[in-house]
Amino acid sequence: MLRLVRVPGTNAPIRSVAEDELWPLAQAAIEGNVVALRTLLTAVSPNILRVVRRVIGASHPDVEDVTQECAVEFVNALRRFRGESSVQHFASRVALRAAMNARRRQRAAKRGTPGPEPIEADETAGNHSPPDAIAASRASMQLARELCDELPAPQAEALALHCVLGYTMSEVASICGAPLETVRSRLRAAKSALMARALADPRLRELVEETA
Amino acid sequence: MSQPEYTDLVCKAHRQELNPDEERRLDELLQTSLEVRLMDHMLSEFERESRMCPGDDMLLARIQERVLGAPTSARPPARARRLTMVLLPAAVLLVSTLAGAGMWLGSGRFTQLTAIWSSNSATKSAPAAPTVHKSRVAHPKPASTPSTPAAPAAPDSAAPPVEPLGEPLPTVTGSTGASTQSVHAPTGELRMNIPNPSSELFARANLLRREGRGADAADLYRQLLERYPRSREAGPARLALAKYLHAKDPARALIEYRALASSGGALRAEALWGISESAERVGERALADRALNDLVREFPDSPYAEVARARISHGTP
């Protein structure tokens, strides 16, 4: 059965899995072709980097290490890949899981409830927005990240794929290999928790009040 | 359309895939649905957070080399490298302080013993104990024939990466012997190895930048460019400086990016991307467009090329 997939973050047109230009590369890489693996990594690594930046933050000092960790996970997981989704979607899911695990480990190492993510001095310098506007814009990202740390794994994955990486529900279902209704149910619960926190967060008051 | 699928419209909007009816529907929802508004706000912030940056090309190339390289050649994690960066200079400073104290006391015997130790070190094939490292405060003249620095592990380019990410400073012979220069001490009795000054300056600047001291790092990058304009680190230093200036002073950043692009080499793709971004910020749209077209033409397989093509086709930088 053909599935139509899209890759967020690119303007690539709809492709069927059979037309996924990375699928032959993935097959060759699985069979041990090092050149194919190198080309495949070149193709997917920008996507992996995007995922890592969204999960742990672009200014996090461990972006490079976590990206490397995700790339290694992708290469290791490749032998289990059977074309259930596009290669890019597969890479996104592997990178998302590895990045979320890395984030959880770092939070556990800090041994405490972290405060709001600090605003980098470089973000304020030259930025004409006042600091509280910057804080508000980061609050929504921080909410999503914190919920992904705390929710049960299936809900967290669905929330991250939909609200952090921007995949539609049908794409999330395809990526996770789960029925669409199951994904809807998971997202319903996750987004309820997200909304409750947003309503209680003073940094998002303006966003809440602007909605009729 | 059921309630949960409203947020699908947000996902499609951020990819510019909405038809006119869907656009109208989304506009209504953005006024009335907090959930849709929150998700739209969130996705915009995440997109900004994950956009391509100058230097990403080389970062990804480094990662690829490590992932595909032999396990024994894999770089240690950044945390271990940072610890090495702190402990190694501290150890060298301790040794040099002790040696300096001995020399100040005028102990001829100490000097004699140290010279014997140094000469023994030079004749042994296996790495011996570290030689005395002269304090960085004094900058002795380099040898007349300085050795060229060892090529760092930058994968496909001649220039070293922008971020060595805590590589040990080349202050200890035996580990980075090729990156040091030998000088004859004034007394002629004590051999000292001075690290390559441009490499050291570059490493110090990168460490400051990693610590969040961007302004201090920028000062060191400028010093490197002024003192060692033809060094291997000059290109990456100029790129790092331009990146720092990008948010604060895009006009100056543009000058640095253009200088980097004109020098050619492995960093030209990053430089062209930086030109397009900074030129747009200062209102030079034509220059920005030209840089994007050059990028697509000269580096069609670069990660930047994909985004550049999208911007050119949409007419939005």
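Residues are called buried under 20% relative accessible area, exposed over 50% and partly exposed in between (1.4 Å probe, protein chains only). The model is predicted: local features need pLDDT of at least 70, side-chain atom pairs count only at pLDDT 80 or more, and totals for chains, interfaces and linings use all residues. Side-chain values use heavy atoms, without hydrogens and water, residues are numbered from 1 along each chain as its sequence is written, and chains are lettered from A and ligands numbered from 1 in the order in which they are written.

Four aromatic pairs were found over all chains. A:Trp23 and A:Phe81 form an edge-to-face pair, at 5.5 Å centre to centre and 80 degrees between the planes. This pair links distant parts of the chain, 58 residues apart. A:Trp23 lies in helix H1 (residues 23-30), and A:Phe81 in the loop between helix H3 (63-77) and helix H4 (87-110) of chain A. Helices are DSSP runs (H or I, at least four residues), numbered from the N terminus. A:Phe81 is buried, because its relative accessible area is 2%.

The rings of A:Phe74 and A:Phe90 have their centres 6.0 Å apart and their planes at 55 degrees, so this pair is tilted. A:Phe74 in helix H3 and A:Phe90 in helix H4 are 16 residues apart. A:Phe74 is buried at 0% relative accessibility. A:Phe90 is buried at 15%. Ring pairs join A:Trp23, A:Phe74, A:Phe81 and A:Phe90 into a cluster.

Notes: Phe/Tyr/Trp six-rings, centres within 6.5 Å; stacked < 30°, edge-to-face > 60°. Helix = DSSP H or I, 4+ residues; strand = E, 2+ residues; numbered from the N terminus.
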